[in-house]
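Here are my notes on the model you sent. Please keep the structure open while you read them.

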Amino acid sequence: MYKVVFFDVDGTLLSETDGRMPPSTKEAIEQLLVKGIKVVVATGRPYSLCAELRNLGIETVISANGALITSHEEIIYRSAIQAETVRELSEFAALHGHGVAYFTDKLSMNGIGLEDERILRALKETLSLECYPQNAESLTGEVYCMCLYADENEMLRFTEQFPALRFVRFHDYVLNVLEAAEVSKAVAVSRVLEHYNIPAAEAIAFGDGGNDMDMLECAGLGIAMGNGTERLKQRADFVTTKASEGGIAYALQVFGVI
């Protein structure tokens, strides 16, 4: 019997076509909660952009790709990036003209690429944002994650300059910048399971991107969306239909969860 379901957000809970939650997905979440099955969001988004999901009754949120975990709005784990690392990477990105997003308790950016079509497209596809976020004139509070806007070739200068950092790509023009090796969705899932005393065999995980790979593999049942990457589909236990085609509800029905 499954006791908890972990969901990626963009391209999983939210449609890959328009960034909206299909009615069948919302109904599936409601059915899970009614049955007493815990629903957990595991996303690369900052916590501030998860309000819509919390309003559905989802009480546990893994945000910033695992760097911040909250339960009933209380922090149960956090891993902040050192201020010196934030400063050094920001200066290097500015020198080479790259946009950087900062996940604190809010979302802000470094002001580079306000009219860059690649950045604007990535913001819409990964965070469902139509506009460039506010500029981070002075960062206050802990930075849990940074997002670097760069393609594969542009990324190389950063990996060479900052070999101690982890650059995890989840979009063709966006990478999570992580400092601690223990920060990932999989590690966060393990922390949540430990917090609720639920074995991994009784967990389901849904995802669509490369940064969902380890999360699906550490759950008892890992499900890839039909719109997911081919590599993820090959490693998943089951491939459902696309998010826009009701893939969440379909898979949960196939396995008799709802």
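The numbered points below concern a predicted model and go from the sheet to the salt bridges, the loops and the surface.

1. The sheet. Eight strands make up an open sheet with mixed pairing, and their order is S5-S4-S3-S2-S1-S11-S12-S13. The edges are taken by strand S5 (74-78) and strand S13 (238-239); each has a single partner strand, so one side of each has no neighbour in the sheet.

2. Partners of strand S11. Strand S11 (residues 203-207) runs parallel to strand S12 (residues 221-224), and four bridges join the two. S1 and S11 are also parallel and are joined by four bridges.

3. How many of the residues of S11 are buried? Five of its five residues are, and the strand is described as mostly covered.

4. A helix across the sheet. H9 lies across strand S1 (4-7), S11, S12 and S13. Its direction is at about 150° to that of S11.

5. Lys-185. This residue belongs to helix H6 (residues 185-196). Is Lys-185 buried or exposed? It counts as buried, because its relative accessibility is 1% and the limit for buried is under 20%. Leaving aside neighbours within four places in sequence, its contacts include Asp-8, Thr-43, Asn-65, Asp-212 and Met-215. The C-alpha atoms of Lys-185 and Ile-62 are 7.6 Å apart, although 123 residues separate the two along the chain.

6. Side chains of opposite charge can pair when their charged atoms come close. The structure holds 15 salt bridges. One of them joins the side chains of Arg-45 and Asp-10, at 2.8 Å from N to O. This pair links distant parts of the chain, 35 residues apart: Arg-45 is in the loop between strand S2 (38-42) and helix H2 (51-54), and Asp-10 is in the loop between S1 and helix H1 (23-34). Both Arg-45 and Asp-10 are buried.

7. Salt bridges, partly exposed pairs. Glu-142 and Arg-78 form a salt bridge whose closest N and O atoms are 3.0 Å apart. Glu-142 sits in the loop between helix H4 (117-127) and strand S8 (145-149), and Arg-78 sits in strand S5, 64 residues apart. Glu-142 is partly exposed at 34% relative accessibility, and Arg-78 is partly exposed at 45%. In another salt bridge, Asp-172 meets Arg-121, with the closest N and O atoms 3.3 Å apart. Asp-172 lies in the loop between strand S9 (166-171) and strand S10 (174-178) and Arg-121 lies in helix H4, so the pair ties together parts that are 51 residues apart in sequence. Asp-172 has a relative accessible area of 48% and Arg-121 has one of 35%. Salt bridges with shared partners also join Asp-8, Lys-185 and Asp-212 into one network.

8. Most residues other than glycine have a negative phi. His-72 is partly exposed, with a relative accessible area of 49%. Asn-197 also has a positive phi, near 55°. Asn-197 lies in the loop between H6 and S11, and it counts as exposed because its relative accessible area is 69%.

9. A nonpolar surface patch. Tyr-250, Val-254 and Phe-255 form a nonpolar patch on the surface, and together they have about 260 Å² of accessible area. Val-254 is part of helix H9 (residues 247-254). At 42% relative accessibility, Val-254 is partly exposed.

Technical notes. Residues numbered from 1 in each chain as written. Predicted model: local features only at pLDDT ≥ 70, side-chain atom pairs only at ≥ 80, totals over all residues. Heavy atoms only, no water. Patch = residues over 30% accessible without salt bridge, like charges linked within 9 Å, V, L, I, M, F, W, Y side chains within 5 Å. Areas by Shrake-Rupley, 256 points an atom, 1.4 Å probe, with all protein chains shown as cover. Salt bridge = Lys/Arg side-chain N within 4 Å of Asp/Glu carboxyl O. Buried < 20%, exposed > 50% of the residue type's maximum accessible area, 1.4 Å probe, protein only. Pairing = 2+ DSSP bridges. Contact = heavy atoms within 4.5 Å. Axes fitted to C-alpha atoms, helices over the stretch in contact; angles between N-to-C directions.
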